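Here is a short report on one protein model. Look at the structure first, then read on.

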Amino acid sequence: FFIFFLYSVSFMQKALFLNVVLPLLYVFWYLNILDFRKMVFFSIGAFGLLSFLVAASVSAQGNQGAFDLNDFFSASYSAESGVDYLVWRIVGVPLFSASDTLHVFFTQFSGEYLFGATSSFFSNLFFLDRVNLERIVFAYQWSWNETANTNSFYVVDAYVNFGFVGVVGYSFVVGQIFRLFAVSENEAFKSIWPLFCINIFNGSLVPTLLGNGFLLLFLIISFSTSRKLALHPVRLWFAPS
């Protein structure tokens, strides 16, 4: 944990801190190491440490500004403290990024569905011209950057590609994945459900499954949960919780 923590700080990848803390919270609860009161204190301590790291980053960047509720849900917001920035990053950014993605979709693409062109996997599979919508949205919010992207809620990505049919289809897959977490007998696997939740809240479903290794993990768990279900892996997806 300490080595991983130093790695996260050295590269200013503060979000990686959650990759350790969230599964640990589940493990501590499962092993009865922490009761509810201790879980609350542990969560507050983890949030405070993350706030400290963010505060150091914001201070180093020289971000200053008074709180303005009208600008909070926009890219022009300027945080006045580390905690303020952290709350804006967790709450504000995903929401206005979803709104900005829809705005770009309807104004620059005339609301015409992209049929998977936003995904490298689908664009290569169906020979589509790749549309880096996340980078286009970032350019709309701030300015063009060759490496920076704006991630948005998976439902928005499903809609701009396949409309409401995509929203229903993607949501069905997400629901079955959470069912897999629920019926699995592997507690280590169960401990990462908060990480999957954060990933799809802040990004697209397909890149989350392929780019972060979740799909491989789900396949391994599907075929190894038990001998009975391994012989009939489809049953696992529809087994009662």
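What volume does the second largest pocket have?

## The model

This is a predicted model: local features need pLDDT of at least 70, side-chain atom pairs count only at pLDDT 80 or more, and totals for chains, interfaces and linings use all residues. Residues are numbered from 1 along each chain as its sequence is written, and side-chain values use heavy atoms, with hydrogens and water left out.

## The second largest pocket

The volume is about 270 Å³. A pocket is an open set of points on a 1 Å grid over the protein atoms alone, where a 1.4 Å probe fits, with protein on both sides within 12 Å along at least five of seven lines. Lining residues have an atom within 4 Å of a point. A volume is the space filled by probe spheres set on the points, which are joined across faces, edges and corners.

The lining has 23 residues. Closest to the pocket centre are Thr118, Ser119, Glu134, Ser204 and Pro207. Helices H6 (120–125), H7 (133–141), H8 (154–183) and H11 (205–211) each give two or more residues. Helices are DSSP runs (H or I, at least four residues), numbered from the N terminus. H8 gives the most, with five residues. By class, the lining has 10 nonpolar, 10 polar and three charged residues. Ala, Val, Leu, Ile, Met, Phe, Trp, Tyr, Cys and Pro count as nonpolar, Asp, Glu, Lys and Arg as charged, and the others, Gly among them, as polar.

## H8 against H10

H8 and H10 pack at an angle of about 175 degrees, with their axes 12 Å apart. Axes are lines fitted to C-alpha atoms over the stretch in contact, and angles run from 0 to 180 degrees between N-to-C directions. H8 and H10 are therefore roughly antiparallel (over 145 degrees).

Tyr154, Val174, Ile177, Phe178 and Phe181 of H8 meet Trp193, Phe196, Cys197 and Ile200 of H10. Contact means heavy atoms within 4.5 Å. This contact has nine nonpolar, no polar and no charged residues.

## An aromatic pair

Phe122 and Phe162 form an edge-to-face aromatic pair, 6.2 Å centre to centre with 90 degrees between the planes. Rings of Phe, Tyr and Trp (its six-membered ring) pair if their centres lie within 6.5 Å, and planes over 60 degrees apart count as edge-to-face. Phe122 lies in H6 and Phe162 in H8, so the pair ties together parts 40 residues apart in sequence.

Notes: Phe/Tyr/Trp six-rings, centres within 6.5 Å; stacked < 30°, edge-to-face > 60°. Parallel < 35°, antiparallel > 145°, perpendicular 65-115°, else oblique.
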